[in-house]
Amino acid sequence: MVYHWTLASVLRASRTGEKDKRLMLFSRELGKVTAVARGTAVPEAKWSSSFEPFSLLHLRLYDRSRYFSVVGSEERVVYVDIAAHLDKSLKGMILNQLTECVLQPASPEPGMFAAYVTALARINEAKSAAEQDTAFLQYTLDVLRELGFGLTSLRCDRCGTILAEQPSFSLTENAFHCQRCRDEADVTLSHQLGTFLRTGTGSLDRRQAHAGIALTLRVLRTASRRLGIGTTFEQFAENAATLFREEHTGQMKESHDEL
Ligand SMILES: [Zn+2]
């Protein structure tokens with residue numbers, strides 16, 4: 001008999017059978033695992049409200065070899081603002097969707113877990129849509145780093161120069177270029193966005209955050225194909241593009257504006 005104590009967040013909850021919930025968990029110690037919480041899908045259940053996304057739980061799990069059973073639970077953090085506001089819930093859901101699609105089953109990812117919990121807290125506390133979107137952008141950068149595709153030192157894809165000021169992004173190659181190697185159709189990144197992509201510092205307005213997300217989604221797409229998770233990634237990317245689109249980012253292809 002194997003029991004685990006773990007800190008975990010619910011990525012997805014669904015009903016299974018008459019009274020049970022099937023949980024897709026992101027556990028700090030176990031990675032992405034499925035657990036069944038017996039008797040929690042009925043309204044009067046002791047833990048029913050905890051077993052939903054946007055809470056951090058201390059769980060005792062019993063290992064049944066093919067899945068886990070929840071045998072004990074204690075709430076640590078409930079991200080009440082995400083659960084209560086539709087705009088934040090939508091961003092929380094897309095955060096969970098990205099997390100679920102990039103995690104390999106039962107493979108612990110402590111760095112990703114820390115980034116995920118930070119992103120939830122930031123979206124929960126965000127005072128504006130720009131702050132919510134910037135938190136999501138930061139998480140996409142963290143995911144890229146954890147997957148081994150980090151953008152911490154932006155290099156020109158053609159000549160290898162480290163990009164400092166005003167990098168260009170090619171929408172046909174999904175790659176960064178220096179001023180010397182840039183194509184005519186490349187878009188130039190603003191100082192703020194370039195700095196944020198490299199270092200994660202500075203504040204962005206909503207337009208810059210959306211442009212940043214459009215870029216990281218493109219880089220993530222390339223990464224997802226290499227990792228063999230392209231199909232589930234595409235479903236996420238479609239939802240993310242809808243959620244973080246404004247007219248100007250949709251028209252990025254035609255406009256050569258600075259982003
Ligand atoms: Zn170059």
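I call a residue buried if 20 or more other C-beta atoms lie within 10 Å of its own, exposed if 12 or fewer, and partly exposed in between, with C-beta atoms placed from the backbone. This is a predicted model, so I take local features only at pLDDT of at least 70 and side-chain atom pairs only at pLDDT 80 or more, while totals for chains, interfaces and linings use all residues. Residues are numbered from 1 along each chain as its sequence is written.

**Entry 1: Lys32**

I started with Lys32, which counts as buried because it has 22 C-beta neighbours inside 10 Å. Lys32 is found in strand S3; strands (E, at least two residues) and helices (H or I, at least four) are DSSP runs, numbered from the N terminus. Next I listed what Lys32 touches, where a contact means C-beta atoms, placed from the backbone, within 7 Å. Not counting residues up to four places away in sequence, Lys32 touches Met24, Phe26, Glu100, Leu103, Pro105 and Ala106. I also looked up Arg122, which is 90 residues from Lys32 along the chain; their C-alpha atoms are separated by 22 Å.

**Entry 2**

Ala106, one of the residues touched by Lys32, has a positive phi near 50 degrees although it is not a glycine. Ala106 lies in the loop between H2 and H3. Is Ala106 buried or exposed? It counts as exposed, because it has 12 C-beta neighbours inside 10 Å.

Phe54 is not a glycine either, and its phi is positive at about 75 degrees. I found Phe54 in the loop between strand S3 (31–37) and strand S4 (55–63). Phe54 is buried, as 23 other C-beta atoms lie within 10 Å.

**Entry 2: Trp5**

Trp5 sits in strand S1 (residues 3–16). With 11 other C-beta atoms within 10 Å, Trp5 is exposed. Leaving aside neighbours within four places in sequence, Trp5 is in contact with His58 and Arg60. From Trp5 to Leu30 I read 9.9 Å, C-alpha to C-alpha, for 25 residues of sequence.

H3 (residues 110–125) has 16 residues and reaches 23 Å from its first C-alpha to its last, close to the 22 Å expected at 1.5 Å a residue. That expected span is 1.5 Å times one less than the number of residues. The buried residues of H3 are Met112, Phe113, Ala115, Tyr116, Ala119, Leu120, Ile123 and Asn124. What do the buried residues of H3 pack against? They pack against S1, strand S2 (20–27), helix H1 (80–84), helix H2 (86–102) and helix H4 (129–146).

H2 and H3 pack at an angle of about 170 degrees, with their axes 10 Å apart. That makes H2 roughly antiparallel to H3. Angles under 35 degrees count as roughly parallel, over 145 as roughly antiparallel, 65 to 115 as roughly perpendicular and the rest as oblique. On the H2 side, Lys88, Lys91, Gly92, Leu95 and Thr99 meet Tyr116, Ala119, Leu120 and Ile123 of H3.

**Entry 3: helix H4**

H4 has 18 residues and spans 26 Å from its first C-alpha to its last, close to the expected 26 Å. Its buried residues include Phe136, Leu137, Tyr139, Leu141 and Val143. The cover over the buried residues of H4 includes H2, H3, helix H5 (191–199) and helix H6 (206–227). Just after H4, Gly148 takes a positive phi of about 90 degrees.

**Entry 4: H6 with H7**

The axes of H6 and helix H7 (residues 230–243) come within 9 Å and cross at roughly 170 degrees. H6 and H7 are therefore roughly antiparallel to each other. Here Leu217, Arg221, Ser224 and Arg225 in H6 meet Gly230, Phe233, Ala237, Ala240 and Ala241 in H7.

**Entry 5: the whole protein**

I finished by zooming out. The protein has eight helices and eight strands, and 37% of its 259 residues count as buried. Its C-alpha atoms fill a box of roughly 60 × 35 × 30 Å along the principal axes. Among contacts between residues at least 6 apart in sequence, 54% join residues at least 24 apart.

The protein is divided into domain 1 (3–80) and domain 2 (127–250), with bounds from an automatic or database domain assignment. The centres of the two domains, taken over C-alpha atoms, are separated by 33 Å.

Technical notes:
Axes are lines fitted to C-alpha atoms, for helices over the stretch in contact, and angles run from 0 to 180 degrees between N-to-C directions.
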